[in-house]
Amino acid sequence: MTTISRQDCLDHDGADPLAAWRARFVLPDGLIYLDGNSLGPLPAATAARLDAAVREEWGRGLIRSWNAAGWIDLPRRLGARLAPLIGAAPDEVTVADSTSINLFKLLIGALRLRPERRVIVTEAGNFPTDLYIAQGVVDLLGGDYDIRHAEPDDVAAAIDTDVAVVMLTQVDF
């Protein structure tokens, strides 16, 4: 068994090629902050950028900033920057709301598009979060909306003139 000393750790830290990146973030001295999944440390440039976005782009530019500040192009620009990480071409990726939020918007839109159709059909083994979202939509809209849970082989038979949307997944959870 190899023992690692404190000095070994300090030597590794001293040779770390990413060590300079710490200065790009606002962190209290002496704090080791390891939570990056929920709320990572504030990038040092962010406060000034947010101030400019709020005061200049939003405050002065108002609606013109969708074009003048390039807000309208952000989903494509961010997608192009992320594309290499997933092996895609820059024009093949768009950044949008989360899958759950988009599913919520899609279900609401489908039910409102054809108000006489009040049923969502889904597979019984659909992703649990998707099922929760569908139930939340039905609860939010009130009235006599319904969710039909069908086995994969029975989905086609569950579709009739009352169905507004069929919610399927490629994976059986």
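Predicted model: local features only at pLDDT ≥ 70, side-chain atom pairs only at ≥ 80, totals over all residues.
Five positions of helix 5 are buried: Leu-103, Leu-107, Ile-108, Ala-110 and Leu-111. These residues cover an arc of only 165° around the axis, so they sit on the same side of helix 5. Arg-112 and Leu-113 are exposed on the other side. The buried residues pack against three elements: strand 3 (119-123), helix 6 (128-141) and strand 5 (163-167).

A nonpolar patch lies on the surface. Its members are Val-54, Trp-58, Leu-62, Ile-63, Trp-66 and Ile-72. Together they have about 690 Å² of accessible area. Two of the members lie in loops. Leu-62 is in the loop between helix 2 (46-60) and helix 3. Ile-72 is in the loop between helix 3 (65-68) and helix 4 (74-82). Leu-62 has a relative accessible area of 47%, so it is partly exposed. Ile-72 is likewise partly exposed, at 47%. The backbone of Leu-62 also stands out. Most residues other than glycine have a negative phi. Leu-62 is not a glycine, yet its phi is positive, at about 50°.

Side chains of opposite charge can pair when their charged atoms come close. The model contains eight salt bridges. One of them joins Glu-57 and Arg-49, with N to O at 2.9 Å. Glu-57 has a relative accessibility of 15%, under the 20% limit, and therefore counts as buried. Another salt bridge pairs Asp-73 with Arg-76, whose closest N and O atoms are 3.1 Å apart. Asp-73 is partly exposed at 27% relative accessibility, whereas Arg-76 is exposed at 53%.

A further salt bridge connects Arg-118 and Asp-144, at 2.5 Å from N to O. This pair links distant parts of the chain, 26 residues apart. Arg-118 lies in the loop between helix 5 and strand 3. Asp-144 lies in the loop between helix 6 and strand 4 (146-150). Arg-118 is partly exposed, with a relative accessible area of 23%. Asp-144 is exposed, at 57%.

Helix 1 (residues 6-14) contains His-12. This histidine is exposed, at 60% relative accessibility. His-12 and Ser-98 are 86 residues apart in sequence. Their C-alpha atoms are 38 Å apart in space.

Methods
Residues numbered from 1 in each chain as written. Heavy atoms only, no water. Buried < 20%, exposed > 50% of the residue type's maximum accessible area, 1.4 Å probe, protein only. Helix = DSSP H or I, 4+ residues; strand = E, 2+ residues; numbered from the N terminus. Arc of directions from axis to C-beta. Contact = heavy atoms within 4.5 Å. Patch = residues over 30% accessible without salt bridge, like charges linked within 9 Å, V, L, I, M, F, W, Y side chains within 5 Å. Areas by Shrake-Rupley, 256 points an atom, 1.4 Å probe, with all protein chains shown as cover. Salt bridge = Lys/Arg side-chain N within 4 Å of Asp/Glu carboxyl O.
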